Amino acid sequence: MAKEGWDLGRRDYERLLSESLVHKGESLWRDAARRLRRNRAAWWSFLFLCAFGLTALLAPLFPLPSPVTLDLSIEPQPPVPPWVELGTHGFQPDYWELSGVDEALVSARRAVFGTWQTGPWLGTDGKGRDLLSRIVWGSRTSILVALAAAVCSLLIGVTYGALSGYLGGRVDNLMMRVVDILYSIPFIFVVIFLITIVNEYRTELEDRFGIDREVVFFVVIGAIYWLTMARVVRGQVLALRNTEFIEAARVLGASTARVLFVHLVPNVLSVVIVYLTLTIPAVMLFEAFLTFLGLGIEPPKVSWGLLAVDGSEMINPVRIYWWLVLFPSLAMASTLLALNVLGDGLRDALDPKLRGKD
Amino acid sequence: MTRFLLRRLLWFAITLWVVVTVSFFLMRAVRGGPFDGERALHESIERNIQARYHLDWHPFKQYLHYVGPLNLDQHGPRFLGGDGTRPFGGVLAGDFGPSFKYRDFTVNDIIAQSLPISVGLGVIAMMWALTLGLSVGMASALRRGTRADVAFRLLATTGIAVPNFVIAGCLVILFVFLVPLLPVAGYGSWRHLVLPGFALGGPFAAYIARLTRTGMLEVLSQDYIRTARAKGLPARLVLLRHALKGGVLPVVSYLGPATAGILTGSLVIERIFAIPGTGSHFVNSALNRDYTLAMGVTILYTVLVYALNALVDFAYTLLDPRIELGES
């Protein structure tokens with residue numbers, strides 16, 4: 001460049017243009033995806049979670065035994081590996097009330113596999129139910145709870161935090177003080193208290209409003225987990241509030257809601273996603289925790305919390321049914337581990353300080 | 001300093017008042033009480049029970065009586081109790097009233113019996129968490145990048161991800177059935193608290209290890225550590241006297257949430273190991289509709305968590321003189 005000097009004629013412009021075409025700009029998301037893929041642990045976690053989510057979604061399609069068919073005559077059967085016994089005939093389609101899509105999946109399964117079902121690859125539990133099937137079906141409940149609660153916390157937390165940060169001043173002070181107060185309450189006690197009270201009105205709620213206990217459960221969990229989200233979002237919004245593009249939007253006459261949700265929220269999305277992946281494992285743990293105490297998911301439905309309860313109830317000094325403890329724990333631990341690793345990986349990938357570096 | 005404490009106290013009072021008021025009126029609003037049984041009671045018996053627990057009063061009067069500090073029992077407020085009735089009562093006087101389910105006990109009796117056990121369990125769990133977490137975190141930071149470091153980090157991530165009742169189940173199988181070292185459940189001696197304490201403290205140990213590792217790595221790369229080493233101090237001294245103090249700061253600020261978490265976790269752990277602590281009483285009370293007991297424990301734990309958090313913040317200023325109290 002220096003050799004020829006600048007003439008700022010056509011040639012220079014063409015050269016600049018070709019240079020800029022070579023260095024293609026990268027969006028935040030593409031950059032993040034690339035860096036996530038380079039982080040092997042996080043990428044494998046991501047793939048694992050995708051596979052796992054798909055399995056849970058399509059659970060009725062697999063030739064698994066029904067998760068609720070009882071066989072009280074036998075005691076827990078130890079695992080039989082698939083190469084010893086691949087499967088048997090004798091599938092009985094009993095489930096709890098399924099949704100339309102699941103019904104369709106179940107009938108598709110019956111058309112393909114007939115009455116054939118897999119053997120007890122992971123053993124059976126104290127009531128003769130197949131453990132593998134219960135783990136797969138249980139994952140659906142756990143995922144559903146986690147997602148519903150996470151969305152709840154997302155809606156409340158992002159709105160609250162963004163509003164607080166955007167309005168600023170005295171309103172912000174008051175809103176954050178409320179968050180501080182809520183932080184200092186040991187929530188589990190209040191939640192347990194609330195759930196027992198809701199239980200009193202269960203039948204009424206179900207008959208009149210069609211709200212069952214699980215919905216209440218989601219809302220209650222979501223109502224706790226928005227606090228951190230609100231704080232984080234508020235911090236980000238506070239930093240963005242005085243930037244030019246927000247000012248420009250306001251000068252153009254955008255309403256508060258428009259500035260918030262069209263201009264501010266997309267800019268804090270990366271932080272929100274990171275916290276979401278870290279909230280989901282916390283919520284899953286919480287579901288297991290409450291179910292363990294007898295306040296969460298109830299039979300005949302299954303969730304991982306319920307399986308953990310079943311397993312630990314079968315711990316006794318006479319015979320050790322190790323598979324009842326090991327496999328549900330393994331399923332839960334690997335999922336939570338993957339979520340945690342993915343969350344950490346996403347945080348690194350989306351960190352603007354690390355952009356463009358490797 | 002005083003201003004900070006006063007302000008803190010004021011917010012605390014407001015918080016507590018909200019918790020007490022909301023839960024009281026929720027509790028009273030619930031249809032059906034702990035005394036509803038299969039069999040319908042005779043009218044006079046029911047009246048007696050209602051009178052015994054003041055359920056026949058106006059809700060607002062019940063609330064005033066519950067909150068205190070004046071005892072509204074029997075003959076209205078009285079300032080001198082000669083006939084065995086006390087002039088003061090209610091939550092403000094530290095009296096949580098009678099238990100609805102255990103007819104012969106007050107909530108205070110039950111808490112007095114069970115709280116020492118829970119505190120013991122919590123202290124053991126915290127000790128496990130701190131010793132394990134700090135030592136593993138430091139070892140990990142000093143051997144950064146080695147295989148041991150990777151193994152420790154994986155262990156820590158697993159520890160955070162696994163629920164404590166799963167840890168408890170594995171521990172019981174290992175140390176009770178396979179290698180009979182410790183009692184399986186119940187309460188009686190310190191040996192009964194070792195396994196539950198570990199299961200309870202495990203996830204927090206993992207978290208503390210992580211925080212220690214990050215904190216130590218940051219401190220170890222700073223100039224004053226290099227200076228200390230350059231002037232010839234032995235590595236151990238540099239580590240313990242210079243680096244540790246700065247490195248554990250994140251851990252100190254985590255202690256507040258950790259205590260809250262340990263209190264929460266004790267609900268499950270006490271149930272698994274059949275330990276008669278406050279947590280298991282609380283869960284039972286919630287399932288039994290023993291509202292006064294449930295409320296009493298909720299209030300007690302709110303106070304505990306709040307006080308411990310304040311204490312931790314205070315300790316933080318002692319360790320790090322750059323932080324000043326009062327600016328929030």
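A nonpolar core is a set of buried Ala, Val, Leu, Ile, Met, Phe, Trp, Tyr and Cys residues joined through C-beta atoms within 7 Å. The model described here is predicted. Its largest nonpolar core has 158 residues, and those that touch the most other members are Ala149(A), Ile221(A), Val283(A) and Ile208(B).

**The largest core**

- Helix 12 of chain A gives the largest share of this core, with 18 residues.
- Val283(A), one of the residues that touch the most other core members, has contacts with Val145(A), Ala146(A), Ala149(A), Ala150(A), Ile221(A) and Tyr225(A), when residues up to four places away in sequence are not counted.
- Two of these partners, Ala149(A) and Ile221(A), are themselves named among the core residues that touch the most other members.

**Contact between the chains**

- Chain A contributes 34 residues to the contact, and chain B contributes 41 residues.
- On the side of chain A that touches chain B, the elements giving two or more residues are helix 7 (187-200), helix 12 (256-292), helix 13 (304-313) and helix 14 (322-350) of chain A.
- Helix 14 of chain A supplies the largest share of that side, nine residues.
- Sorted by class, the side of chain A that touches chain B holds 26 nonpolar, seven polar and one charged residues.

**Chain A**

- Chain A has 14 helices and two strands.
- The radius of gyration of chain A is 26 Å, whereas the globule rule gives 21 Å for 358 residues; the value is well over the rule, so chain A is more spread out than a compact globule.
- Taken along the principal axes, the box filled by the C-alpha atoms of chain A is roughly 90 × 55 × 40 Å.
- Buried residues make up 38% of the 358 residues of chain A.
- Of the contacts in chain A between residues at least 6 apart in sequence, 80% join residues at least 24 apart.
- Helix 4 of chain A (residues 100-113) has 14 residues and should span 20 Å at 1.5 Å a residue; its end C-alpha atoms are 20 Å apart, which agrees.

**Chain B**

- Chain B has 12 helices and zero strands.
- Of the 328 residues of chain B, 36% count as buried.
- In chain B, 71% of the contacts between residues at least 6 apart in sequence join residues at least 24 apart.

**Two residues of chain B**

- Lys231(B) lies in the loop between helix 8 (223-230) and helix 9 (235-247) of chain B.
- Lys231(B) counts as exposed because it has 8 C-beta neighbours inside 10 Å, and the cut-off for exposed is 12 or fewer.
- From Lys231(B) to Arg210(B) the separation is 21 residues in sequence and 30 Å in space, C-alpha to C-alpha.
- Leu293(B) belongs to helix 12 (residues 291-319) of chain B.
- Leu293(B) counts as buried because it has 29 C-beta neighbours inside 10 Å, and the cut-off for buried is 20 or more.
- Leaving out residues up to four places away in sequence, Leu293(B) touches Ser99(B), Lys101(B), Val107(B), Ile110(B), His281(B) and Ser285(B).
- Leu293(B) and Leu130(B) are 163 residues apart along the chain, and their C-alpha atoms are separated by 32 Å.

Methods
Residues are numbered from 1 along each chain as its sequence is written. Chains are lettered from A and ligands numbered from 1 in the order in which they are written. This is a predicted model: local features need pLDDT of at least 70, side-chain atom pairs count only at pLDDT 80 or more; totals for chains, interfaces and linings use all residues. Two residues are in contact if their C-beta atoms, placed from the backbone, lie within 7 Å. Helices (H or I, at least four residues) and strands (E, at least two) are DSSP runs, numbered from the N terminus. Ala, Val, Leu, Ile, Met, Phe, Trp, Tyr, Cys and Pro count as nonpolar, Asp, Glu, Lys and Arg as charged, and the others, Gly among them, as polar. The radius of gyration is taken over C-alpha atoms; the globule rule is 2.2 Å times the number of residues to the power 0.38. The expected span of a helix is 1.5 Å times one less than its number of residues.
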